Amino acid sequence: MGVHVEFGILGPTRLIVDGRPVPLGPAKQRGVLAALLHRAGEPVRADTLIDLLWHPRGTADHRPTLYSIASRLRGVLAGAGLDRALVRVPGAYQLDVDPNWVDLHRFRSRLTVARTTAGRGHPREAAEILVPAMSLWRGEPLAELRGPRAEQVRASLNQHLLDGHRLLAECRLACGHHHAVLAQLENLIVAHDLDEGLARCWVGALRAVGRGDEARRFVADFRRRFRRQMHTEPDIDEGTVPVRLRRIPHQLPPDIGDFTGRESLLAELSGNHVVVITGMPGVGKTTLAVHWAHRQRSRYPDGQLYLDAAAYGQAAPIDPEDALERFLRALGVPPDRLPVTPEQRRDKYEELVGDRRILVLIDNVRDSAQVRPLIPRSMNCLTVITSRVRLSALTIRDGVRTVVAEPLPEAESQALLARIVGARAAADAKGLAALARLSGGVPLAVRVIGERVAERPLASLAGLVDELRHRLLDATDPDDQAASLTTFFDWSYHALDPDAARLFRRISLHPGTSISPEAAAAIAGDPVPDVEGRLNVLAKAHMVNHDTARRYRFHALLHRYASERAAAEDDPADTARDQRRLLDFYLLSAAAAMAVIAPEWPPMPDLPDGPDVRPLTFATDVEAMKWCDTERDNLGVLSLWAGRNGHHRYGWQLPGVLHEVFERHGSPADLLRLNQQALEAARHDGHEEGQIGTLINLGTTYFTLHDYDRAIAAFVAAQEFASTTGHLEEEGICLQNLAATYVHLGQVTRAIEIYGDALAICRKAGDPVDEAVILHWLGEAYLRLGQHRRAGESFHQALTIRQRIGAQRGTGQTHSGLGTLYLAAGRPQMALRHSETALAIHVHAHDEKAECDTLITLAAVQSVLGAHPDALRSGRRAVLKSEQIGDPVRQVQALTATGDALLRSGDPVAAEHQARSARRILDALAGVHIRPLHDRLTALERALRPPGRESRAG
C-alpha cells in the first residue's frame with residue numbers, strides 16, 4: 001500500500017507523508033523545493049532558482065551553493081520515499097512528482113473544473129467544488145522566496161485566488177446566497193478596491209438584501225476612484241448584472257503523442273507573458289507550441305484560443321480584423337452583436353478577456369502587424385506565437401521574448417525516429433543513426449523518413465539510406481502534398497521578394513557550410529551592401545541562419561532545396577559564370593592573404609585575372625590569418641569540389657596557395673586528403689609546376705604524419721619530374737625536403753651530402769628563401785651528430801637570411817632550433833632566450849606544431865634552470881597542444897618532458913603517471929624515428945626507479 005504524500009506551497013512550504021510533517025531544512029532549501037513544486041514536472045533553470053533565492057544577486061557565483069542545496073534536498077526527499085523525484089537536466093532541475101500532490105496544482109485543477117461547471121449552467125455544483133479548493137490557501141504562497149521575480153510569481157498566484165473568489169461570489173449570487181457573498185467579500189472589496197468583478201458582485205448582493213442606498217453610494221465612490229486612477233470609465237453602474245458565467249473556449253489542437261526532447265527549450269519558454277517561437281520551415285515550431293500549451297493548460301482555466309494565421313500555405317493570410325471576429329465569437333459574442341470597426345473589435349476583445357486567465361496560441365504568423373491586435377494586454381494571459389520570420393517589431397517595440405527552435409540534436413532525432421519506426425529501430429541501430437542524420441535534425445524530415453520506412457516493411461534501415469539521401473525532398477503522399485518538405489520550403493521561398501529569392505538560389509552554388517557577404521556578392525555579381533541586406537532578409541525568414549558576425553549558414557536540407565530551385569529556374573550559362581566568380585574570389589583572396597603571411601614565398605603561377613570579382617586585401621598578417629582561419633573549412637571543401645567538378649586548375653592552386661597555413665594547424669589527415677586530390681587535379685590540368693609543387697606538398701604532409709617512406713617516395717617523384725622538365729629551382733626544393741627526411745630517420749651523413757647538392761642549386765639560382773631553409777636543416781643535422789659549433793654556424797646563417805627577407809615562420813623555426821642547440825650545449829640561459837622568442841613567433845603565426853615543439857624544449861630548459869612551476873606549465877601546455885594536434889610522437893615527447901619536470905620538482909608519483917602514459921603511446925608506434933623518443937623516455941623511467949626502489953602498481 002503506497003504512502004500518502006501532500007506538498008504545500010500556498011503558505012509556508014511543507015511536506016506531509018501519511019499525515020506526519022517532514023522537516024525540510026533551512027529557508028533556502030524550502031525555497032528551492034517551493035520553486036520546483038510551482039513547476040512540478042517541468043525543468044526550472046538554475047539561473048531562475050538563483051534569482052528566486054538570492055536577491056540582490058550580486059557578483060558572487062551561487063551555483064556551488066545551489067548544487068549543495070539540491071543535494072541536501074534530494075536526501076530529504078529520499079528519506080520520504082521520493083528518492084528519484086529530483087533530477088538534473090541540462091542547465092536546470094526538475095521535480096518529478098504527481099501534480100495532484102501539490103496544493104497549488106490541486107487548486108488550479110478544481111478552479112478549472114468549477115469554471116467549466118459554472119459555464120454549463122450549474123452554479124451550485126461549481127460552488128461546492130470551490131469552497132474546499134479555497135481552503136487550501138494557508139497564507140502567503142511561496143513564502144520563502146524573495147526578490148522582484150518571486151514577487152511577480154507570487155502576484156500571479158494571488159491572482160488565481162482572486163479568480164476563485166470572483167467565481168465563487170458569482171455562483172453564490174446565482175444561487176441566491178447573498179449574505180454569504182457579503183461575508184466572503186467584506187475584506188476583499190477593501191483590499192482590491194479597483195476590481196470590477198468583485199465590485200459587481202458586491203453591488204448585486206447589496207441590492208438583493210435591500211441595501212440599495214449603500215449600493216448606490218458604493219458605485220459612485222467606485223466610479224470616481226476608478227476614473228482617477230485608471231483614467232477610463234469602469235464597466236459598472238447601479239444596474240449592473242453581477243452574474244456573468246462566461247463561455248470558456250477550448251480551441252487548442254490535439255497534442256502530439258510522440259513528442260520527443262526539447263526540454264531545455266521548453267524550460268526557456270517558461271516565465272514569459274508573450275513569447276514568439278521562430279525557426280526554419282519544418283523545424284517543429286507548431287508542434288513545440290502546441291505541446292507546451294497543453295502543458296500550461298491548467299494554469300489558464302478560463303480557456304484557450306487558437307488561430308492558424310495562414311501566413312504560409314495555399315490560403316490567404318488571415319486579416320487581423322477577421323481573427324478578432326473569430327476570437328470574439330469563441331468568447332460568446334453572438335454574430336449579430338459583433339462590433340464593426342477594428343478598433344471596436346479590439347476594445348471588445350480586451351473587455352471580454354478582462355482579468356481572465358486565457359492561453360492564446362497564434363500559429364503561422366506573417367509579421368508583427370498581423371499578430372499585434374490579437375495579443376491580450378492582461379498579464380493574466382499567456383500568448384504563444386509561431387512564425388517562420390523573426391518578428392523584430394514585437395521584440396523592439398513591445399519587449400516580446402523570441403525563442404529560436406533549432407534543429408534537434410542527433411540523439412533526439414534518433415529517439416524521435418525510433419518512436420516512429422517502432423521495433424525495427426532496435427534491430428538496426430546503425431541504420432537508424434544514418435537515417436536520423438539525413439534529417440539534419442528537422443522533425444518534419446524525421447517524420448518523412450519514418451513514413452518512407454513504414455512504406456517498406458521488408459527493407460533494412462541501412463538499405464534505405466542511399467535512396468532517401470536523394471529523394472528526401474520528394475512528396476511523401478500524392479494525397480497530401482502539404483506533408484512534403486518541398487511544399488513546406490516552397491511556401492517560404494515564394495514569400496521572398498525576387499532579389500532575395502535569386503540570392504537564395506545563387507549562394508547555393510557555394511559548397512561550404514557558411515558564407516560571408518563578400519563571397520555572396522562575388523557569386524551574385526552585386527555590391528556587398530545590397531547583398532548583405534538580402535542575406536539579412538533570408539536570415540529573418542530562416543532560409544539561412546546567422547552563423548557568426550557577418551556570416552551566414554545554410555541548413556543542409558535548405559541548401560539542397562536551393563540547389564534544386566537554381567537548377568530549375570536559372571540559365572546553366574549564368575550558373576557556370578557565377579561558379580567561376582566564386583572560385584576566383586576565394587583563390588585570389590587566399591593569394592592576397594599568403595602574400596602578407598609569408599611574403600618570402602614566390603606567388604602561385606598562372607593565377608586567373610578574375611576581372612569580374614573584387615578579392616579581399618589584408619593590411620596585416622594577423623588580419624590575413626584570421627580570414628584564413630575563418631574560411632579554412634570552406635577553402636578545403638571548395639578545393640575538393642573544384643577538382644571533382646572539372647575545375648582542375650583551381651583544384652590544385654587553392655590547396656597549393658594555402659598549404660603553408662593548413663600545415664600550421666588543423667588535422668594533417670585532412671591536409672593529406674586535400675593534397676592527394678590536388679595532385680590528381682594537377683595531372684588532369686597538365687601543369688608541370690603544379691604537379692611538382694603538389695608532390696612536394698604531399699611529401700611534407702607525409703613527413704608531418706611521420707610516414708617517412710611515403711614522404712621520400714613523393715620527394716623523389718617530384719625531383720625526377722623537375723629534373724626531366726628542367727625546373728632547376730624545384731629540384732633543389734625536392735632535395736632539401738628529402739635530406740630533412742633522412743635527418744629524422746637518423747641517416748644524418750647522407751642528409752648532409754644531399755644538402756650540399758641542394759645548397760649549390762639554390763645559390764646558383766639566387767634563391768635566399770631556400771638557402772635559409774637548407775642552412776636551418778644543416779644545423780639540425782649537425783646537432784644530431786653532436787657537432788655544436790657547426791650547428792650554431794648553420795643556424796645563425798639561416799637566422800640572418802630569414803630575418804632579412806622577413807620570413808616570420810622560418811625565423812621562429814630557427815630560434816627554436818637554437819634553443820635546442822644551446823640546451824644540448826649546456827647554456828640554458830641562451831636556450832631560454834631563443835625558445836621564448838620562438839614561442840612568441842609561433843603563437844602569433846598560429847603554427848600549432850612548432851608551438852608544441854618549442855614548449856617541449858622550453859619545459860626542459862626551465863627544469864634545468866630550476867624554474868619548476870614554469871617548466872610544469874610549459875610541459876602541460878605541450879601535452880594539451882599535442883593532444884589537440886593528434887600527433888602521437890609529440891604526445892610522447894610532451895609527456896616525457898612533463899614527467900621530467902615533475903620529477904625535478906619533487907613529485908615522482910605524478911612523474912611516473914606521465915611516464916606510463918607516454919609508454920602506452922610509444923609502444924603502439926614503430927619505425928626508426930622513434931629511437932630518440934625511446935631513449936629519452938627510458939632515461940626518465942630509470943630515474944624514477946633507482947636501485948632498490950620498486951615501481952608503483954599502475
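A residue counts as buried when its relative accessible area is under 20%. The exercises below apply this and related criteria to a predicted model.

**Exercise 1. Cysteines**

Determine whether C628 and C381 are buried or exposed, and state how many disulfides a search of the whole structure finds.

*Solution.* 
1. C628 has a relative accessible area of 1%, so C628 is buried.
2. C381 has a relative accessibility of 2% and therefore also counts as buried.
3. A disulfide requires two cysteine sulfur atoms within 2.5 Å. The search of the whole structure finds zero disulfides.
4. C381 accordingly belongs to no disulfide: the nearest cysteine sulfur, that of C201, lies 19 Å away.

**Exercise 2. Two helices**

Describe how helix α41 (residues 888–904) and helix α43 (residues 931–944) cross, and classify the residues of their contact.

*Solution.* 
1. The two axes come within 10 Å and cross at roughly 25°.
2. Angles under 35 degrees count as roughly parallel, and α41 and α43 are therefore roughly parallel to each other.
3. The crossing of α41 past α43 is left-handed.
4. Residues of α41 in the contact include V889, V892, T896 and L903, and those of α43 include L933, R936, L940 and L944.
5. By class, the contact comprises eight nonpolar, three polar and two charged residues.

**Exercise 3. The surroundings of A133**

*Solution.* 
1. L111, 22 residues from A133 in sequence, lies 7.5 Å from A133, C-alpha to C-alpha.

Terms used:
Residues numbered from 1 in each chain as written. Predicted model: local features only at pLDDT ≥ 70, side-chain atom pairs only at ≥ 80, totals over all residues. Heavy atoms only, no water. Buried < 20%, exposed > 50% of the residue type's maximum accessible area, 1.4 Å probe, protein only. Axes fitted to C-alpha atoms, helices over the stretch in contact; angles between N-to-C directions. Helix = DSSP H or I, 4+ residues; strand = E, 2+ residues; numbered from the N terminus. Parallel < 35°, antiparallel > 145°, perpendicular 65-115°, else oblique. Left-handed = near helix turned anticlockwise from the far one by under 90°. Contact = heavy atoms within 4.5 Å. Nonpolar A, V, L, I, M, F, W, Y, C, P; charged D, E, K, R; others polar.
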